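Let's take a friendly walk through a protein model together. Have the sequence and the 3D view ready.

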Amino acid sequence: MIRIAAVGDVHVDQDVVGRFRPALEELPDCADVLLLAGDLTRHGTESEAHCVAKEFGGLGVPVVTVLGNHDHQCDQVPQVVKVLEDAGITVLEGDGTVLEIDGRRLGVAGVKGFGGGFAGRCASDFGEPEMKAFVRTTTDSADRLGAALRGLDCDVLVALTHYSPVPDTLAGEPPEIYPFLGAYQLGQAIDSAPTALALHGHAHAGSERGTTPGGVRVRNVAHPVIKQAYSVFHVGNHVD
């Protein structure tokens with residue numbers, strides 16, 4: 001059994017440094033890996049990335065992340081990624097990584113994702129160039145996630161996104177903003193591979209549990225939802 005700790009939407013800046021660290025110091029006792037579901041920073045600045053690196057670096061377990069919409073705000077993504085990677089944090093965007101854990105290979109494929117909505121109430125690749133570009137951003141992101149999931153040689157497969165792949169975990173958010181919180185294409189990508197668990201953030205007022213149309217368990221690990229430094233999931237023969 002592999003133990004996965006996960007949290008998203010920590011929105012770290014100088015004022016937050018130290019808030020999560022006491023619980024994070026206990027990670028090696030209760031988890032084999034930490035997955036971060038994006039929105040690591042408030043505004044996506046290099047200085048905030050250094051705060052994230054201080055808070056989530058050097059934990060004694062591998063740390064894997066995707067970025068969120070907040071991490072793109074100041075157009076400093078390359079600088080943010082470099083700071084995180086220099087701290088030993090693996091940043092995924094349309095690719096994956098395989099971790100050897102107690103003789104088993106955990107594959108994590110990640111992408112930020114994008115919005116668009118869900119079956120029956122979603123944007124379509126039709127009409128104005130702006131709408132086509134919006135939907136194609138989502139489709140391209142989902143395609144990269146699916147390819148990454150299918151391309152990993154591992155024993156247990158996990159999908160990591162910022163945007164939600166299902167509407168279930170958005171329950172509690174205003175329905176009017178569902179299209180800006182996730183997209184069904186991400187769920188299709190997750191279902192295209194033998195994924196054991198899908199983790200996301202972004203929906204601060206959403207719900208914790210959901211399922212893709214193909215039956216993959218989805219968990220919203222946004223910090224305002226789980227209300228703790230991280231949740232721990234056991235994957236292998238089943239998912240807690």
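## The overall picture

How many helices and how many strands does the protein have? Keep in mind that this is a predicted model. The protein contains 7 helices and 13 strands. Its radius of gyration is 17 Å, close to the 18 Å that the globule rule gives for 240 residues, so the protein is as compact as a globular protein of that length.

Along its principal axes, the C-alpha trace spans about 50 × 40 × 30 Å. Of the 240 residues, 53% are buried. Now look at contacts between residues with a separation of 6 or more: 74% of them join residues 24 or more positions apart.

## An annotated stretch

The unreviewed UniProt entry carries the annotation "domain: Calcineurin-like phosphoesterase" for residues 2-84. In the model, that span is 33% helix and 18% strand, and its end C-alpha atoms lie 24 Å apart.

Strands of a sheet pair through backbone hydrogen bonds, either parallel or antiparallel. Here, 6 strands form an open sheet in the order 5-6-9-10-12-11, and the pairing is mixed. Why is one side of strand 5 and of strand 11 left without a neighbour in the sheet? Strand 5 (95-101) and strand 11 (209-211) stand at the edges, and each has a single partner strand, so one side of each has no neighbour there. From one strand to the next, the twist averages 25 degrees.

In soluble globular proteins, nonpolar side chains tend to be buried together. The largest nonpolar core in this model has 30 residues, and Leu-24, Leu-27, Leu-34, Phe-56, Leu-84 and Tyr-230 have the most contacts inside it. At least two residues of this core come from each of strand 1 (2-7), strand 2 (33-37), helix 3 (46-56), helix 4 (77-86) and strand 4 (89-91).

Leaving aside neighbours within four places in sequence, its contacts include Ala-5, Val-7, Leu-24, Leu-27 and Leu-34. A second, separate core has 21 residues, among them Leu-99, Leu-106, Leu-160 and Phe-233.

Note on methods: Residues numbered from 1 in each chain as written. Predicted model: local features only at pLDDT ≥ 70, side-chain atom pairs only at ≥ 80, totals over all residues. Heavy atoms only, no water. UniProt positions renumbered as here; feature names shortened; annotations may be inferred. Helix = DSSP H or I, 4+ residues; strand = E, 2+ residues; numbered from the N terminus. Pairing = 2+ DSSP bridges. Axes fitted to C-alpha atoms, helices over the stretch in contact; angles between N-to-C directions. Core = buried A, V, L, I, M, F, W, Y, C linked by side-chain atoms within 4.5 Å. Buried < 20%, exposed > 50% of the residue type's maximum accessible area, 1.4 Å probe, protein only. Contact = heavy atoms within 4.5 Å. Rg over C-alpha atoms; globule rule 2.2 N^0.38 Å.
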